[in-house]
Amino acid sequence: MSGIAIRNIRKSFGATRVLHDVSLSIADGEFLTLLGPSGCGKSTLLRILAGLEVQDTGSIEIGGRVVDGIRPKRRDVAMVFQSYALYPHMSVAANIALPLRMRRLSRAQRLPLIGRWLPGSGPVISGIEMEVSRTAEALGIAHLLNRRPGQLSGGQRQRVAVGRAMVRHPAVFLMDEPLSNLDAKLRVQMRAEIKDLHRRLGVTFVYVTHDQAEAMTLSDRVVVMRDGEILQVAPPQEIYADPNDMRVAEFLGSPKINMVDATMREPGLVDLAGSALPVACEIAPGSKFTVGIRPEAFQFAEHPGPGVITGSVRMVEHMGSDLFVYFDPCGLEHPLIARLSAERAPHIVAGQTLHVSVRPDQLLVFNRDGRRVRARDVSRTNPSTPVREWA
Amino acid sequence: MSAIRLSPAAAILRHGVLVLTSAFILVPFVWMVSLSLKSPGEIFRATFSVLPAQFYGVDNYAKAITSVPLPRYMGNGLLVCALILAAQILVCAPAAYALAKLKFWGRDFIFAMVLVGLLLPHQVLSLPSFILCYKLGILNTYLALVIPYVVSPFGIFLFRQFFRKIPDDIVHAARLDGLTELAIVWKIMVPMALPAVIAFSIFSVVAHWNDLFWPLIAVRDGHLMPAPLGIMAFKNEEAGNDYGPLMAASTLVVAPLLIAFLAAQKWFVEGMTGGSVK
Amino acid sequence: MSASLPAVSRLAQPAEGAAAKLSSRVSLPRRHSFYEAMWGWALIAPALVFLVVLFFLPVIGVFVIAFSDWQFGASSLSFVGLANFREVIFDEGFRASLINTVVYVVMVVPGTVLAGLLIALLIESSHSCRALYRAVHFLPFMATATAMAISWEALLHPTIGLVNHSLAALGLPVANWLRDETTVLPVLAVIGIWQNLGYAMVLFMAGLKSIPLDLYDAADVDGADHWLDRLRTVTIPMLGPVSMFVVIVVALRAFETFDTVQILTQGGPGHSSEMLLYTIYRESFEYLRAGYGAAVAIVFLAIVVALTLLQARSMDKRVHYQ
């Protein structure tokens, strides 16, 4: 049992508050991703989990045991660092073996040359060697065991770092942006390998990234963080389609979600970009708020009409299967972006007039504080909203 | 080794050891200042203390300044250091620019010569340098103290390293703006490589202010002696066992660099370690 | 996010292309290569002339003097092969000088490097008083050696020196440190360590700073969290290349010791504290034995060049390490 409970963690570095009262629980065997821009506190939270930083207040429980004040090596966690943090002077085998040597051998037995011949160390050392080679084989790096980290490629180093974490069968894997030093192609490949590793090991993974594609593809649940706070915790689909907060909606999705200021005209009808659109939530008439519309929520429409937004096309980007159309509805300062299917939309050119419709349940309504205002009577946003490919 | 929080015992041990080593380091300085404030009678007394029983500092320092031309020695040192540094920068900066940014036949060979020059200690060259100064008739002049040092292979090397880091596009832009190559050196390169110039200046001034070997060979005339040679002469001729004024003179010679060091530690450390430490 | 990137890069491309064209026009290969070469030679000429006159001709001069019978004031010379070197090698004074220098270096280098390393580790292990300790330990490296040697002489004075006063107060035997053949070289070595340990310390501190903090974190997670284990797993191995560099740089400085010998002992008593640089100075300029002095200078040069080349190799290694 190695779920994690994080309760009311606060952390400041000097005068800067990095984490404000963060609470979170992680299920045993779950793949949880901490997602957010740099400086949001996600790495600090991970380092507090590892025991590398000490929280100011709050408590951490791993596997039902409170680990506050317990040193990293006794927490039964392993960590993969962004820089991999391999020991450059040691061979790959020695790097992977180190966590086992530190745990199973006494200080005297670890001495170079002599240590091997001290009573009791022989069998332990050969046991460690066996486990190292088994781990290396599982990761496909058995042929690299005698090399130094400096002689390896980025992907190989990454596997060694994973091997060093894996070899002692920790209850929790902590990963701090492990893919960010790889090139794009290798990143996709290693992403699949990490996913596979999680499936095989079945232990809890806590994964820190600023890359939404990694978060979306790997995670059981995503934690979106901003300025030391958790904005939302939910499965990837839900985070995308049903964000709690304007900042979550803006952080996820590419191209970025359109945010449009709107006014309630009458119950169920909103003034937006020169049109009156039906919405499924109850806000007092006359009040102002913000509506978020995903670019792919727009549908091409032949004619103007009720519930249709009209504007002149500023620029078109052809992306193959899709078109990104930048258009200016009247009364808006910034253009809206629509992602239209290249098959369904006819040939659109800059300067022409465009009509697009949008389904009421795909208007995400946010109040002045950026919090989501949900429809009371409309069922949850249709989860079949396509999640676009995360390249 | 950061990120370790020391236990109280470890922290006390750390301070204990460092205070001891600091004491070892400081004893000669403290002793020097202490003696410079004491009367001859007290210096030769069997008991001792750090602070003088009778403050004799004024007499000692007055004697160091008046009976010996110490101000003259220090002025000589300053003049020689300034001349050497000016000449080194004037000679080395354009050369370093040529090596770093210009392509011309023979460049690599000249750079190899600079590297060989780095290998050659001045002391080894002192005999031929002495003969050269003799032939030029400049022995026992300021020129003799300066000439051997007007080019510094280390300076060329250091400046070249820094100039190479400046993007070529800046050189191209300067040429478009109509600057000559010489103007690029002084208006673009040297200002942009100012940290290297400062580090080198400190290195050069410290080395030549403290140098004893070459002045001992090059000048005999007391009016030309830089500070270290001057206090050596003071020790040999006039002072004998008159420690008070001798220590006062030593203190005055050491003081300027130490004060400058305490005021600009970072620069000094960088300069004295050849820019290898940031 | 990534999809809006192509638009930006498409905009950026023409500008980059223009810049590339511009720069190729400014450093025009053919027409400007002559101009560039002229400037190159013009800018390097003063340095080149001085390099030749002040470094290369003198070094040839040293060899000529060492292999000939030239004396001060002589108008002609003839080559005598290795005669000067033979004289040097069979001279007891030189052999004493060489042995003294080596013994001195062998005392100064380990003392300086170990003390520098220990002090650097202690200072960096906590923030308290870090800058103060660093400044204090670096002071002797800056201070004028001549002046400090005079202070050391007073400290070591047989009757009024602090050292003997303190030893006598503790009931320990005293000595005439600088006039006793058995103590003079170790005492000079202590002064050498005193001068240079701050330098070693600063180099080690830079080495410590360049160790990635991630490695210490990894060691923590891997279980190497005792200070001894951290030292053994991360700190000491990562300082390896820097240590090699420090050893050689300190050895070079120790070989070049002159001021303390000149001020404190003049090589005495007997030859017991004579060192190479002092021998070069005295033979060349006091005894005016040019051939002898030049031969010793060449021996000295060989040692310095060997050490410097070793240092260059260790710097190369440092690059390959990562």
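In this predicted model, the end C-alpha atoms of residues 98-311 of chain C lie 22 Å apart, and the span is 78% helix and 0% strand. Residues 98-311 of chain C are those that UniProt, in an unreviewed entry, lists as "domain: ABC transmembrane type-1".

Chain C forms a contact with chain B that takes 84 residues from chain B and 82 residues from chain C. On the side of chain B that touches chain C, the largest share comes from H1(B), which provides 14 residues. By class, the residues of this side of chain B divide into 65 nonpolar, eleven polar and eight charged. Chain C is also in contact with chain A, where 26 residues of chain A meet 24 residues of chain C. Strand E6 (77-80) and helix H2 (92-104) of chain A each supply at least two residues of the side of chain A that touches chain C, and H2(A) gives the most to that side, with four residues. The side of chain A that touches chain C comprises 17 nonpolar, four polar and five charged residues.

Within chain B, the domain assignment gives domain 1 (8-58) and domain 2 (66-272), and the C-alpha centres of domain 1 of chain B and domain 2 of chain B lie 34 Å apart. The contact between these domains takes nine residues from domain 1 of chain B and seven residues from domain 2 of chain B. On the side of domain 1 of chain B that touches domain 2 of chain B, helix H1 (8-36) and helix H2 (40-43) of chain B each supply at least two residues, with H1(B) giving the most, namely four residues. Six nonpolar residues, two polar residues and one charged residue make up this side of domain 1 of chain B.

Two packed helices are described by the angle between their axes and the distance between the axes. The axes of helix H11 (residues 194-210) of chain B and helix H15 (residues 265-272) of chain B come within 8 Å and cross at roughly 75°; H11(B) and H15(B) are therefore roughly perpendicular to each other. From H11(B), the residues B:Ile198, B:Ala199, B:Phe200, B:Ile202, B:Phe203 and B:Val206 meet B:Trp267, B:Phe268, B:Glu270, B:Gly271 and B:Met272 of H15(B). The residues of the contact of H11(B) with H15(B) divide into nine nonpolar, one polar and one charged.

Chain A contains sheets, which are described here by strand order and pairing. In one of them, six strands form an open sheet in the order E6-E7-E8-E3-E9-E10 (chain A), with mixed pairing. E6 and strand E10 (229-234) of chain A stand at the edges and each has a single partner strand, so one side of each is left without a neighbour in the sheet. From one strand to the next, the twist of this sheet averages 20°.

Another open sheet of chain A is formed by five strands in the order E15-E19-E16-E17-E18, with antiparallel pairing. Its edge strands are strand E15 (298-300) and strand E18 (336-341) of chain A, each of which pairs on one side only, and the twist averages 50° from one strand to the next. E15(A) is joined by three bridges to strand E19 (residues 353-358) of chain A, the two running antiparallel, and A:Gln299 stands opposite A:Ser357 in E19(A).

Further pairings in chain A involve strand E14 (residues 288-293), which six bridges join in antiparallel orientation to strand E11 (residues 258-266) of chain A. Here A:Thr263 stands opposite A:Lys288 in E14(A). E14(A) also pairs in the antiparallel sense with strand E20 (residues 364-366) of chain A, over three bridges, and A:Thr290 stands opposite A:Phe366 in E20(A).

Conventions
Residues are numbered from 1 along each chain as its sequence is written. Chains are lettered from A and ligands numbered from 1 in the order in which they are written. This is a predicted model: local features need pLDDT of at least 70, side-chain atom pairs count only at pLDDT 80 or more; totals for chains, interfaces and linings use all residues. Domain bounds come from an automatic or database domain assignment. Two residues are in contact if their C-beta atoms, placed from the backbone, lie within 7 Å. Ala, Val, Leu, Ile, Met, Phe, Trp, Tyr, Cys and Pro count as nonpolar, Asp, Glu, Lys and Arg as charged, and the others, Gly among them, as polar. UniProt positions are given in the numbering used here, feature names are shortened, and annotations may be inferred rather than shown by experiment. Two strands pair if DSSP finds at least two bridges between them. Axes are lines fitted to C-alpha atoms, for helices over the stretch in contact, and angles run from 0 to 180 degrees between N-to-C directions. Angles under 35 degrees count as roughly parallel, over 145 as roughly antiparallel, 65 to 115 as roughly perpendicular and the rest as oblique.
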